[in-house]
Amino acid sequence: MADMNIAERFMPQDGHIQIHHRGARVDIRVGTMPTIYGESMVLRLLEKNSKLLTPVELGLDSSRAALLARMVEKTHGLFLTTGPTGSGKTTTLYSILSGIYTPEKKILTIEDPVEYELAGVAQIPVRPARGFTFATGLRSILRQDPDVVMVGEIRDSETAEIAIRAALTGHQVFSTLHTNDAVGAVTRLVDMGVEPFLISSSLEGVLAQRLLRKVCVDCRTEWPVSSLIKDKLPGVGAGSLAGPYYRGKGCEECRGMGYRGRTGIFELLPVSSELREIIVQRRSSAEVKAIAQRNMVTLQEDALRKAREGLTSLDEVLRVTSSDLKE
């Protein structure tokens, strides 16, 4: 069904299935990997009929959504979303693109693969087997006179260099990076070999994100904060953990999980003039982070805010943001 070679069992393979289920179109991305016990297989489900959500509906609060809107309305510059695989980076970029789209703007995307079809947007799938990569595609895209370019992912120094130079020459460029937080995007680009003065001149903002499971509203109950959780949140004062907090007991609606649905937590980093100077000076990532966090809500702070609002549990906050905890 995924158009994969069933006789090949010793090489990783990727495939794609499209089905219709209860009136909805569902895309299934299939990946196999050989292991010592046989093939491991992962299926990623994407409902194509579901409408694109706005940043606020994705989980961004209204004040930061307004700041994001101002950042992406600029006619040139580079904007990045960061996070691990499956954290919703591409979905957020689609939401941003649909928000800035007008018939007068020519928007081109290059993706691997194209996940949603966006009205009025020319979307191009990469074909590595034929030598059509992000870098080669991006070079050709710039000759198509675009106003806005979205690159599915910056994977190598060549793609990063072309994307940044496009942002410096009057194009609005959006892309994704695999980093743990917003500040990590700067370090990652430097590691790729991009000159700091190019990053400083082109980068307009970075949005780091994760996905949290939401507590089931049908079986949600108030839950006391245990001493174990307090010990695991060393950077949070006892006053900040004043409840109430909630947890799902498990019911038929959530199939006994206690969670139903997901929401995003976000860390939005606008690149200020002070930050640009520090990037050019090649200062350490710790110094960049210290300055950036003065006026930024971190992933952990956003997660705790959602726990206080009853959207998620403290257990889920710890599960998703444990690598971001302040010591």
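Predicted model: local features only at pLDDT ≥ 70, side-chain atom pairs only at ≥ 80, totals over all residues.
**Close-ups of salt bridges, strands and a surface patch**

View 1. Residues are numbered from 1 along each chain as its sequence is written, and side-chain values use heavy atoms, leaving out hydrogens and water. Arg260 makes a salt bridge with Asp218, and their closest N and O atoms are 2.9 Å apart (a salt bridge being a Lys or Arg side-chain nitrogen within 4 Å of an Asp or Glu carboxyl oxygen). That joins distant parts of the chain: Arg260 belongs to strand β12 (residues 259–270), Asp218 to the loop between β9 (203–215) and β10 (220–223), and the two are 42 residues apart. Helices (H or I, at least four residues) and strands (E, at least two) are DSSP runs numbered from the N terminus. Arg260 is partly exposed too, at 35% relative accessible area.

**View 2. Arg155 meets Asp112.** Here the two side chains form a salt bridge at 3.2 Å, N to O. Arg155 sits in the loop between β7 (148–151) and α5 (157–168), and Asp112 in the loop between β5 (107–111) and β6 (122–125), so the pair ties together parts that are 43 residues apart in sequence. Both ends count as partly exposed: Arg155 at 42% relative accessibility, Asp112 at 33%.

View 3. The closest N and O atoms of the Asp181–Lys289 salt bridge are 3.0 Å apart. Asp181 is buried at 13% relative accessibility, while Lys289, at 32%, is partly exposed. Asp61, Arg64, Asp302, Arg305 and Lys306 join up in a network of salt bridges. The whole structure holds 21 salt bridges.

**View 4. Strand β8 and its neighbours.** β8 is mostly covered, with 6 of its 6 residues buried. Gln172, Phe174 and Thr176 point one way, Val173, Ser175 and Leu177 the other. β4 (residues 77–82) pairs with β8 in the parallel sense over 6 bridges (pairing takes at least two DSSP bridges), and Phe79 stands opposite Phe174. β7 also runs parallel to β8, joined by 4 bridges, with Val149 partnering Val173. The chain gets from β7 to β8 through α5 in a right-handed β-α-β crossover, that is, clockwise from the first strand over the helix to the second when the strands point away from the viewer.

View 5. β2 (residues 24–35) and β3 share 10 bridges, and Met33 stands opposite Ser40. Leu45 lies in β3 (residues 38–47) and is exposed, at 64% relative accessible area.

How values were computed: Buried < 20%, exposed > 50% of the residue type's maximum accessible area, 1.4 Å probe, protein only.
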